[in-house]
Amino acid sequence: MKMKESETIRSFLAIELDKSLVPKILDVQKEFKKTNANIKYVPSGNMHFTLKFFGNIDLAMVDNINTVVAKVINNYSSFDLNIKKCGCFPNKNLIKVLWLGLEDGSPIKDLQKDLDNEFRKLGFKKERNFISHLTIGRVKSPKNKKEIQDTIEKLEDIEIGEMSVYKISLKKSTLSPQGPIYEDIKVFEL
């Protein structure tokens, strides 16, 4: 990906979703669509697990981030994630984000913590309460809140499946009226 010297970009570090799990996740979204609530669903091509959201950064910072990621992932090899559980942020009374979670004990939490400690040295704020999740939708209004709550409860213990993580990606996010457009800046193999 080409960038101009003075360009700032909106960026994040992510683990991409295994495409084989998409049909099951689309089924979960279909359950929420039955609520007729005002929810903006994440397109399957944009689904990912965020390790760190950087916001707007300049080109020099991209090089620093790449150096940190390369250093930290030397301590990691590929690992599996088991996607399960359905929930929301910040809570069931004020639902803003619908998500799918991960089985406890996943190495993703340690990886995120190790990365976060190094990113802090670059001036980024440390994550306070990192919860590994896959955002599937954003609730835009309280319309049909009870139906959304009931669907979360119904899907609370859902099992989506396992995926292997072989790489993480530093991504550029360009906001558009149709939603964000993601491009890889750099892909790191585990």
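Which strand gives the most to the lining of the largest pocket? Strand β3 does, with 6 residues. The model is a predicted one, in which local features need pLDDT of at least 70 and side-chain atom pairs count only at pLDDT 80 or more, while totals for chains, interfaces and linings use all residues. Residues are numbered from 1 along each chain as its sequence is written, and side-chain values use heavy atoms, with hydrogens and water left out. Helices (H or I, at least four residues) and strands (E, at least two) are DSSP runs, numbered from the N terminus.

**Largest pocket**

- The largest pocket has a volume of about 820 Å³; a volume is the space filled by probe spheres set on the grid points, which are joined across faces, edges and corners.
- On a 1 Å grid over the protein atoms alone, a pocket is an open set of points where a 1.4 Å probe fits, with protein on both sides within 12 Å along at least five of seven lines; lining residues have an atom within 4 Å of a point.
- The lining of this pocket comprises 32 residues, and H48, T50, F53, T135 and R138 lie nearest its centre.
- At least two lining residues come from each of β1, β2, β3 (48–58) and β6.

**Aromatic pairs and charges over rings**

- Rings of Phe, Tyr and Trp (its six-membered ring) pair if their centres lie within 6.5 Å; planes under 30 degrees apart count as stacked, over 60 as edge-to-face and the rest as tilted.
- By this rule there are 5 aromatic pairs.
- One of them joins F12 and Y182 edge-to-face, at 4.9 Å centre to centre and with 75 degrees between the planes.
- This pair links distant parts of the chain, as F12 belongs to strand β1 (residues 8–16) and Y182 to strand β9 (residues 181–189), 170 residues apart.
- F12 is buried at a relative accessible area of 3%, whereas Y182 is partly exposed at 25%; buried means under 20% relative accessible area, exposed over 50%, and partly exposed in between (1.4 Å probe, protein chains only).
- The pair of F119 and F124 is edge-to-face because the ring centres are 6.4 Å apart and the planes stand at 80 degrees.
- F119 is buried at 0% relative accessibility, and F124 is buried at 14%.
- F54, F119 and F124 form one aromatic cluster.
- A charge sits over a ring if NZ of Lys or CZ of Arg is within 6 Å of the ring centre and within 35 degrees of the ring normal.
- The charged end of K33 sits over the ring of Y41, 5.1 Å from its centre, and that of K186 sits over the ring of F188, 5.6 Å from its centre.

**Helix α4**

- Helix α4 (residues 145–155) has I148, Q149, T151, I152 and L155 buried.
- The buried residues of α4 line one face of the helix, because they fall within an arc of 165 degrees when seen down its axis; the arc is that of the directions from the helix axis to the C-beta atoms.
- The exposed residues K146, E153 and K154 are on the face of α4 turned away from its buried side.
- The partners against which the buried residues of α4 pack are α1 (22–33), β2 (39–41), β4 (79–90), β5 (95–102) and β6 (134–139).

- L111 lies in helix α3 (residues 108–121) and is buried, at 0% relative accessibility.
- Not counting residues up to four places away in sequence, L111 touches L51, V72, I73, Y76, F79 and I168, where contact means heavy atoms within 4.5 Å.
- L111 and V69 are 10.0 Å apart in space, C-alpha to C-alpha, and 42 residues apart in sequence.
- Q29, in helix α1, is buried with a relative accessible area of 3%.
- Leaving aside neighbours within four places in sequence, Q29 is in contact with Y41, V42, M47 and I136.

**Backbone geometry**

- The peptide bond from F89 to P90 is cis, with omega near -10 degrees, and P90 is found in strand β4.
- K85, also in strand β4, is not a glycine but has a positive phi, near 75 degrees; K85 is partly exposed at 29%.
- N36, in the loop between α1 and β2, has a positive phi of about 60 degrees although it is not a glycine.
- N36 counts as exposed at 52% relative accessibility.
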